[in-house]
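Here are some notes to read alongside the model, in the order I would go through them myself.

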Amino acid sequence: MIKLCGYALSNYYNKVKFALLEYGIPFEEVFVEPAQDETVLAHSPLGKVPYIQTDDGDLCESQAILEYLAARYPDKAIFSRDPWEAAKERELITFIDLHLELVARDLYKEAFFGGKISDGTRALIEKRLTRHVAGFKRLALFGPFLRGERFSVADVAGYLNLPLVGMATQAIYGRDFLLDAGIDWKSYVKAINGRPAAQRVTGDRKAYIASTQAG
Ligand SMILES: N[C@@H](CCC(=O)N[C@@H](CS)C(=O)NCC(=O)O)C(=O)O
């Protein structure tokens, strides 16, 4: 059985976990925190989570993992069977993970972890995100899902990453760049919250946060 290694605070761990649950692929979770030591580096070359362990070996990078799962379990139809639709799902995931979340990530140190970012970083990220949010708005349908009426794998990335972009920009700039651009990510998240896979992922994240605060 696939072992999913990482922890419930990680949005990319949760992206893979959501997909495994949503598409009914059996897996077990192994608690691993990111680290620059050999215990993690031996499995995930940058010391990041998530990674999976399979009979063939280790695999990191959440999108590579989703692509592997899609190829390994074709009957689960993780991506749409229609090639165009599947490509549009991949396009959206790239926008969310690369053009939005990865850019906003440079804000997290100050937005979520009590650190400080430089004025240069603040200005650079504002410029980049403003352009990328506008581009994403042209692409995403929000009907209510990213591709329209039907939930797709793109919504797995959207559910986990759009709130981080909204909350981080709110914390640093005093305005939520997504809401400001007319992207109502809060209603979008609500539309997905009812899914059992989303409930499990969100419940586990909250339980993890509560356990760290208690201890
Ligand atoms: N592109 C990677 C990103 C993974 C990632 O950044 N994971 C974070 C946790 S959410 C991590 O391990 N950070 C530790 C580090 O960057 O050293 C993916 O899609 O899996």
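Predicted model: local features only at pLDDT ≥ 70, side-chain atom pairs only at ≥ 80, totals over all residues.

1. With 21 residues (119-139) at 1.5 Å a residue, the helix should span 30 Å, and its end C-alpha atoms are 30 Å apart, so the two values agree.

2. Next, please look at the ligand site. Around the ligand you will find Ser-10, Asn-11, Tyr-12, Pro-34, Gly-47, Lys-48, Val-49, Pro-50, Glu-61, Ser-62 and Gln-63. Sorted by class, this shell has 4 nonpolar, 5 polar and 2 charged residues. At least two shell residues come from each of helix H1 (11-22) and helix H3 (62-72).

3. Val-49 and Pro-50, both among the residues surrounding the ligand, are joined by a cis peptide bond with omega of about 10°. Pro-50 is in the loop between helix H2 (38-41) and strand S3.

4. A cis peptide bond also joins Gly-143 and Pro-144, here with omega of about 0°. Pro-144 belongs to the loop between H6 and H7. That loop holds Phe-142 too, a residue other than glycine whose phi is positive, near 45°. Is Phe-142 buried, partly exposed or exposed? It counts as partly exposed, because it has 17 C-beta neighbours inside 10 Å.

5. Ala-77 is worth a visit as well: its phi is positive, about 45°, although it is not a glycine. You will find Ala-77 in the loop between H3 and H4. Ala-77 counts as exposed because it has 12 C-beta neighbours inside 10 Å.

6. Now for the strands. Strand S1 (residues 2-6) runs antiparallel to strand S3 (residues 51-54), and 3 bridges join them. S3 also pairs in the antiparallel sense with strand S4 (residues 57-60), over 4 bridges. Between S3 and S4 there are 2 residues, and the two strands form a hairpin.

7. Ile-52 is a handy reference point for that pairing. In S3, Ile-52 stands opposite Leu-4, and Ile-52 also stands opposite Leu-59 in S4. As you inspect the strands, remember that in a regular strand the side chains alternate between the two faces of the sheet.

8. One last stop is Leu-102, found in helix H4. Leu-102 is partly exposed, since 13 other C-beta atoms lie within 10 Å. How far apart are Leu-102 and Asp-58 in sequence and in space? They are 44 residues apart in sequence and 23 Å apart in space, taken C-alpha to C-alpha.

Notes: Residues numbered from 1 in each chain as written. Expected span 1.5 Å × (residues − 1). Near = placed C-beta within 6 Å. Nonpolar A, V, L, I, M, F, W, Y, C, P; charged D, E, K, R; others polar. Pairing = 2+ DSSP bridges. Buried ≥ 20, exposed ≤ 12 C-beta atoms within 10 Å, placed from the backbone.
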